[in-house]
Amino acid sequence: MSKAFTRESDGEDDDEIVLPSLPLGARNYITPAGYARLRAELFTLMDDERPKIVDIVHWAASNGDRSENGDYHYGKKRLREIDRRIRFLTQRLEIAEIVEPSQHFGNDQIFFGATVTYLENDGVERKVTIKGIDESDSSQGEVSWVSPIARTLLKARTDDVLKLVTPSGVIAIEVLHVEYPQAAGQKA
C-alpha cells in the first residue's frame with residue numbers, strides 16, 4: 001500500500017487543544033502560587049526546553065536521511081508536545097483570575113482557597129483545599145473549585161450539615177473547620 005494512503009496519527013499529535021471545562025460564563029480562578037507555577041513552567045518551556053530540542057532537530061536534520069533518523073523523529077514529536085503545552089499555558093494564563101485566599105483569613109465561611117475539614121456520615125474525617133482547575137492536585141488533598149465536593153462546600157460555614165451527591169448516592173457531610181492561609185505580615 002502506498003504511504004500516501006496510510007494514517008500515521010493516532011490522535012496524540014493533534015494540534016487541537018482541549019481545555020478542562022469551565023462552567024459556562026465562569027472565570028478561571030487561580031491562587032497566586034498556582035499562577036506563578038504555571039508561568040514558571042511556560043518560561044522554562046520557551047526559554048530552556050524548546051531551544052534545546054530545536055538544536056537537536058537541526059543537528060539530526062543535518063545528518064542527511066531523515067526517514068530512519070530517530071533523533072529527528074523524536075525531536076519533532078517532542079517539539080510538537082512542547083508547542084502544544086506552550087499554547088495551552090498561554091491561553092490559560094490569559095484568562096486566569098488571581099484570587100488571594102488570605103483575604104478571607106479568620107473567616108468561617110468557605111470561599112475559593114479555603115482548607116476545609118469535614119466529617120462524612122460514616123464517621124470519616126476528610127480535609128481538602130479548594131484551588132483552581134489548573135493547579136489542584138488530588139494527591140495533595142486539593143480539589144478544583146468546580147468539583148462536586150467544592151461546589152457543595154462553597155459558601156457554607158463551620159457546623160453546617162450539607163448533602164453531597166456522589167456516584168453511590170447522597171451522603172451528609174458536616175463542616176468541622178475552615179481555615180485560610182495567613183498573609184505575610186498579617187497577625188492572627
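## Isoleucine 149 and its contacts

Isoleucine 149 is in contact with Tyr118, Val143, Leu164 and Ile173, leaving aside its neighbours within four places in sequence. The model shown here is predicted.

## The largest nonpolar core

Ile149 also belongs to the largest nonpolar core, which has 23 residues. Which members touch the most other members? They are Ile110, Ile130, Ile149, Leu153, Ile173 and Val175.

At least two residues each come from β3 (115-120), β4 (125-131), α3 (148-153), β6 (161-166) and β7 (169-179). Which element gives the largest share? It is β7, with four residues.

Another core lies apart from the largest one.

Most residues other than glycine have a negative phi. Two residues in the loop between α3 and β6 call for a look: lysine 155 and aspartate 159.

Lysine 155 is not a glycine, yet its phi is positive, at about 75 degrees. Is lysine 155 buried or exposed? Its relative accessibility is 60%, so lysine 155 counts as exposed. The cut-off for exposed is over 50%.

Aspartate 159 also has a positive phi, near 80 degrees, and is a residue other than glycine. Aspartate 159 counts as exposed because its relative accessibility is 55%.

Notes
Residues are numbered from 1 along each chain as its sequence is written. This is a predicted model: local features need pLDDT of at least 70, side-chain atom pairs count only at pLDDT 80 or more; totals for chains, interfaces and linings use all residues. Side-chain values use heavy atoms; hydrogens and water are left out. A nonpolar core is a set of buried Ala, Val, Leu, Ile, Met, Phe, Trp, Tyr and Cys residues joined through side-chain atoms within 4.5 Å. Buried means under 20% relative accessible area, exposed over 50%, partly exposed in between (1.4 Å probe, protein chains only). Contact means heavy atoms within 4.5 Å.
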